[in-house]
Amino acid sequence: MAKNFDVVVIGAGPGGYIAAIRAAQLGMSVACIDAASNADGKPAPGGTCTNVGCIPSKALLQSSEHFDQVNHHFSEHGIEVKGVSLKLDTLIGRKDNVVKQNNEGILYLFKKNKVTFFHGTGTFSAYVDGGWSIKVSGQTEEELIAKHVVVATGSAPRQLPGLDFDEKKILSNDGALRIPAVPKKLGVIGAGVIGLELGSVWRRLGAEVTVLEAAPEFLAVCDQQVAKEALKVFTKQGLNIQTGVKIGEVKTAAKSVTVPYTDAAGAEQSITVDHLIVSIGRVPHTQGLGVETVGLKVDERGFVVVDDDCRTNLPNVWAVGDVVRGPMLAHKAEEEGVAVAERIAGQHGHVNFGTIPSVIYTSPEIAWVGKTEQQLKTEGVNYRAGSFPFLANGRARALGDTTGFVKILADAKSDEVLGVHIIGPSASELIAEAVTIMEFRGAAEDIARICHAHPTLSESVKEAALAVDKRSLNF
């Protein structure tokens, strides 16, 4: 017999599980369907973010940074350590445990908020009296009837044409998180967030890493002042980053991968590596959803088509996260999930795409929100810029990490903050202040007049705001 719910969410990634919990908090009966399983075959809710993305990569980044610190920087503090060794299985095991704890935390939140969880694949079956019929295929077969459906099926890594992931030699983000031994040589195709973060992990653990990027500019999505600083720092750290390359036919052998390419100068080159990480973006995941069965509209790139409120072309069917337009970010999916749940409940859910921050968790971290300087120039906006280096920040000196700077862009007439760009220690945390100011359409002067604790890294944000008006106390 079919089970009836006010809301059925397909997918338990950041957009899906957040939408399910918020809808339940608003008094609706809610079910969430997710097919992901862990190594033991048990449910692993959390989507790409929790299982093979945000969470495990940050666990490895943290561990690898500890290893780098003890090998290269502890002596600066008078701490002498000899005979350092790496137990990679323990390091990977810690990452797996962090993931498991997050899986269990989501299941606990479902139980606490009375969200019914189904472990399996959710597929549209038909429109019936009372709503949408959703089939659940898993260890047991179920039929759910939903008044509202939220599609939150996420995304999958994009493959190079003709080069499938085997997760042994040719790696997606999944395989790159669990290489069984530190490779001597590692290749990375794509100098985006995933490529740089995972390349950094294995570089710190001892691999020789080459990053090949097709775009002519490094980190073109970032403010170019930040991108230039990042390229300089990453190159100094040992990452071999090449831009403007054209990849040839990749050849795999029993113990190696050979990548021929044409460099930016037009010369034929080749690298042979132990493993190759392919990180050239992600594609929306709708396989098994049954879009053709019910006529759910997708665009030419495979994204579910939605309006500004995340409504699809079908009545009472919504979609959020990586499977729809917009940046493929976990926190963007979460914001959409909350907003959709509130809209279903008759409230006015809100997502401001102009204040969604982006972060690259390398060392130094890179974070930004709003417009870049090149965007403002292209749009003909009259603006002022102010920046402040961490080299002049007392807390950064004490931490031993003075790399980078804070840069603020503000409207020349109104002083409204239009963009904030940070490269340096704890950039991922510092960017929140900028998001808050921009969400309330605050001015650079508002940041400058807020009292920041001393000594803190956040003082660099204040000094950058003062520099917009040429009033920095340090210059």
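Because the model is predicted, local features were considered only at pLDDT of at least 70 and side-chain atom pairs only at pLDDT 80 or more, whereas totals for chains, interfaces and linings use all residues. Residues are numbered from 1 along each chain as its sequence is written, and side-chain values rest on heavy atoms, with hydrogens and water left out.

Helices (H or I, at least four residues) and strands (E, at least two) are DSSP runs numbered from the N terminus, and two strands are taken to pair if DSSP finds at least two bridges between them. On this basis, five strands with antiparallel pairing make up an open sheet in the order β18-β19-β22-β21-β20. Strands β18 (358–360) and β20 (383–389) stand at the edges with a single partner strand each, so that one side of each is left without a neighbour in the sheet. From one strand to the next the twist averages 10°, where axes are lines fitted to C-alpha atoms (for helices over the stretch in contact) and angles between N-to-C directions run from 0 to 180 degrees.

Within this sheet, strand β22 (residues 417–424) is joined to β19 (residues 365–370) by six bridges in an antiparallel arrangement. In this pairing G370 stands opposite G419, and A367 has I422 as its bridge partner. Six bridges also connect β22 to β21, again running antiparallel, with I408 opposite V420. The hairpin formed by β21 and β22 has five residues between the strands, and D415 there adopts a positive phi near 70°. Residues are classed as buried under 20% relative accessible area, exposed over 50% and partly exposed in between, using a 1.4 Å probe and protein chains only. By this criterion eight of the eight residues of β22 are buried, so the strand is largely enclosed by the rest of the structure.

Helix α14 (residues 459–468) is likewise mostly covered, with eight of its 10 residues buried. These are S460, V461, E463, A464, A465, L466, A467 and V468, and they pack against β20, β21 (405–411), α12 (427–439) and α13 (444–449), contact being defined by heavy atoms within 4.5 Å. The helix is followed by K470, which has a positive phi near 60°.

A further open sheet, in which the pairing is parallel, contains five strands in the order β7-β15-β8-β9-β10. Its edge strands, β7 (170–171) and β10 (240–242), each pair on one side only. Five bridges link β8 (residues 185–189) with β9 (residues 208–212) in the parallel sense, and among these residues G187 has T210 of β9 as its bridge partner.

Two individual residues illustrate opposite classes of accessibility. G162, in the loop between β6 (155–157) and β7, is exposed, with a relative accessible area of 85%; its C-alpha atom is separated by 8.8 Å from that of E249, which lies 87 residues away along the chain. E336 is located in helix α9 (residues 330–344) and counts as buried at 1% relative accessibility. When neighbours within four places in sequence are set aside, the contacts of E336 are C310, V320, G321, V324, R325, V351 and F353.

Grid points are joined across faces, edges and corners, and a volume is the space filled by probe spheres set on the points. A search of the whole structure finds one cavity of 30 Å³ or more, and the volume of the largest cavity is about 30 Å³. Its lining consists of P157, S172, N173, I194, V278, S279, G281 and R282.

The second largest pocket has a volume of about 1400 Å³ and is lined by 44 residues, with E65, S363, P364, D401 and P425 lying nearest its centre. At least two lining residues come from each of α3 (54–72), α6 (193–204), α7 (224–237), β20 and α12, and α3 gives the most, with seven residues.

Key: 1 Å grid on protein atoms, 1.4 Å probe; cavity = no way out; pocket = protein on both sides within 12 Å on 5 of 7 lines; lining within 4 Å.
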